[in-house]
Amino acid sequence: GHSVGGFHRWIRVGGESGAISFQPSELIKIALVIFLASWLSRRNPEALRSWKRTFLPCVGILALAIAPVFTEDFGTAALILMIGTVTMVLAGVPLRHFIAPAFAVAGMGYLFVMNSPHRLARITVMNDVWSPGNPTAYQPRQSLMAIITGGWQGKGIGEGTLKLGFLPEDSTDFIFSALCEEWGVVGALILLGLVVLWIRHVWQISLEASDRFGQVLAAGLGFLIAAQALLHVGVDTVILPP
């Protein structure tokens with residue numbers, strides 16, 4: 001694995017120059033939706049509502065998908081859990097089955113964050129983002145600076161300056177902030193409008209699918225892309241912890 005920031009989340013192919021890097025966890029997200037949509041859509045309504053025959057096996061599948069990435073990438077693990085849960089609901093698994101596990105997952109997540117000073121700091125920094133003496137606030141502060149300095153119309157395409165070493169991860173985690181600096185509020189609204197348009201088209205495709213598998217697959221993969229886009233916007237605007 002290729003290490004970035006002390007975490008081994010990437011596989012790099014092609015050497016240092018011109019290399020292609022990708023996270024294997026991205027494959028898990030897509031494969032999980034395809035597998036759950038295929039398996040659940042073939043089950044009869046009685047089996048689909050069964051706690052023992054359907055819900056518990058799904059929980060086991062989610063655990064297997066999350067386990068390899070949980071310690072290295074808590075955010076991706078949470079997203080995989082959310083994507084799997086939404087796909088199960090779309091396929092017709094009863095909501096009542098999720099009540100007790102939801103409390104258990106919330107409790108585990110709380111303990112995991114509280115016992116990790118690094119992760120706890122990422123949450124508490126949201127209330128102290130402009131503090132120059134808090135090193136954890138650097139990323140969200142620079143993110144907001146990029147958005148603010150972009151104004152309504154932005155500095156112009158390619159004219160952003162914070163991406164020149166001042167805004168960390170300007171082409172990945174904070175790419176929305178880099179866009180706002182160059183395209184302004186107008187560009188941000190256009191982008192969000194495209195996300196809304198994407199959601200509408202996904203919903204329409206799901207409704208028009210010829211079988212249950214197509215319905216669940218379209219909705220699940222569509223939700224995956226929309227959720228990741230909105231999570232990026234939430235993190236970059238410090239509505240969510242970085």
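Reader: Where does L144 lie?
Author: L144 lies in helix α7, residues 138-150. Helices here are DSSP runs of H or I, at least four residues, and strands are E runs of at least two, numbered from the N terminus. This is a predicted model, with local features needing pLDDT of at least 70 and side-chain atom pairs pLDDT 80 or more, while totals for chains, interfaces and linings use all residues. Residues are numbered from 1 along each chain as its sequence is written, and side-chain values use heavy atoms, leaving out hydrogens and water.

Reader: Is L144 buried or exposed?
Author: L144 is buried, with a relative accessible area of 16%. Buried means under 20%, exposed over 50%, partly exposed in between, using a 1.4 Å probe and protein chains only.

Reader: What is L144 in contact with?
Author: Leaving aside neighbours within four places in sequence, V129, W130, D236, T237 and V238. Contact means heavy atoms within 4.5 Å.

Reader: Switching to helix pairs. How do α8 and α9 cross?
Author: Their axes come within 10 Å and cross at roughly 160°. α8 covers residues 175-208 and α9 covers 212-236. Axes are lines fitted to C-alpha atoms, for helices over the stretch in contact, and angles run from 0 to 180 degrees between N-to-C directions.

Reader: So what does that make α8 and α9 to each other?
Author: Roughly antiparallel. That label takes angles over 145 degrees; under 35 is roughly parallel, 65 to 115 roughly perpendicular, the rest oblique.

Reader: Which residues of α8 meet α9?
Author: Among them are L192, V195, W198, I199 and V202 in α8. The α9 side includes A218, G222, I225 and A229. By class, this contact has 16 nonpolar, four polar and one charged residues. Ala, Val, Leu, Ile, Met, Phe, Trp, Tyr, Cys and Pro count as nonpolar; Asp, Glu, Lys and Arg as charged; the others, Gly among them, as polar.

Reader: Next, the largest nonpolar core. How many residues?
Author: It has 24 residues. L32, L36, L40, C58, I80, M88 and V93 have the most contacts inside it. A nonpolar core is a set of buried Ala, Val, Leu, Ile, Met, Phe, Trp, Tyr and Cys residues joined through side-chain atoms within 4.5 Å.

Reader: Which helices supply at least two residues each?
Author: α1 (24-41), α3 (51-66), α4 (74-91) and α9.

Reader: And what does M88 touch?
Author: L36, L40, F55, C58, L62, V93 and F98, not counting residues up to four places away in sequence.
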